Amino acid sequence: MIHRAIKAFRQYNKMTQAEVAQKLSISKSYLSEIESGKKTISIDLLEKIAEMYDMPVSSLIFFSETMNSKDAKVSEKFRGFVSSKVLSALEWVIERDSKEKAVI
């Protein structure tokens, strides 16, 4: 789900893929593949993205983090459910804002 979070943060910040790719010194097509989940992202690139949005890396990976420990207090299924709902809500706000601007 990290790819959805990266895309949502970009859209929330009203940036195009071209703008983000340029700031990160990567190609737009590579960013597109990351956002679609076709490519995995390196920790170095995650750090650059987090720095660009002035946020900790943990905020970006929160949505896709998995719990490998059997002693975990929150199940992976529950964490996945919650993070999916948070991302869906963020995507809904972005879509709603886009539609409102198109009407104006």
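Which side chain makes a polar contact with the side chain of Arg-10? That of Glu-35, at 2.6 Å. A polar contact is a pair of N or O atoms within 3.5 Å; within protein, one must be able to donate a hydrogen and the other to accept it, and residues adjacent in sequence count only if both atoms are side-chain atoms.

1. **Basis.** This is a predicted model, where local features need pLDDT of at least 70, side-chain atom pairs count only at pLDDT 80 or more, and totals for chains, interfaces and linings use all residues. Residues are numbered from 1 along each chain as its sequence is written, and side-chain values use heavy atoms, leaving out hydrogens and water.

2. **Arg-10.** Arg-10 sits in helix α1. Helices are DSSP runs (H or I, at least four residues), numbered from the N terminus. Arg-10 counts as buried because its relative accessibility is 8%. The cut-offs are under 20% relative accessible area for buried, over 50% for exposed, and partly exposed in between (1.4 Å probe, protein chains only).

3. **The Arg-10 and Glu-35 pair.** These side chains also meet in a salt bridge (2.6 Å, N to O). Glu-35 lies in helix α3 and Arg-10 in helix α1, so the pair ties together parts that are 25 residues apart in sequence. A salt bridge is a side-chain nitrogen of Lys or Arg within 4 Å of a carboxyl oxygen of Asp or Glu. Glu-35 is buried, as is Arg-10.

4. **Gln-17.** Helix α2 (residues 17–24) holds Gln-17. Its relative accessibility is 15%, so Gln-17 counts as buried. The side chain of Gln-17 makes a polar contact with that of Glu-35 (2.7 Å). Leaving aside residues up to four places away in sequence, Gln-17 touches Arg-10, Lys-28, Leu-31, Ser-32 and Glu-35. Contact means heavy atoms within 4.5 Å.

5. **Helices α1 and α3.** The axes of α1 (residues 2–12) and α3 (residues 28–35) come within 7 Å and cross at roughly 120 degrees. The two helices are therefore oblique to each other. On the α1 side, His-3, Ile-6, Lys-7 and Arg-10 take part; on the α3 side, Leu-31, Ile-34 and Glu-35. Axes are lines fitted to C-alpha atoms, for helices over the stretch in contact, and angles run from 0 to 180 degrees between N-to-C directions. Angles under 35 degrees are roughly parallel, over 145 roughly antiparallel, 65 to 115 roughly perpendicular, and the rest oblique.

6. **Other salt bridges.** The structure holds three salt bridges. One of them joins Glu-95 and Lys-99 (3.1 Å, N to O). Both lie in helix α6 (residues 76–103), four residues apart.
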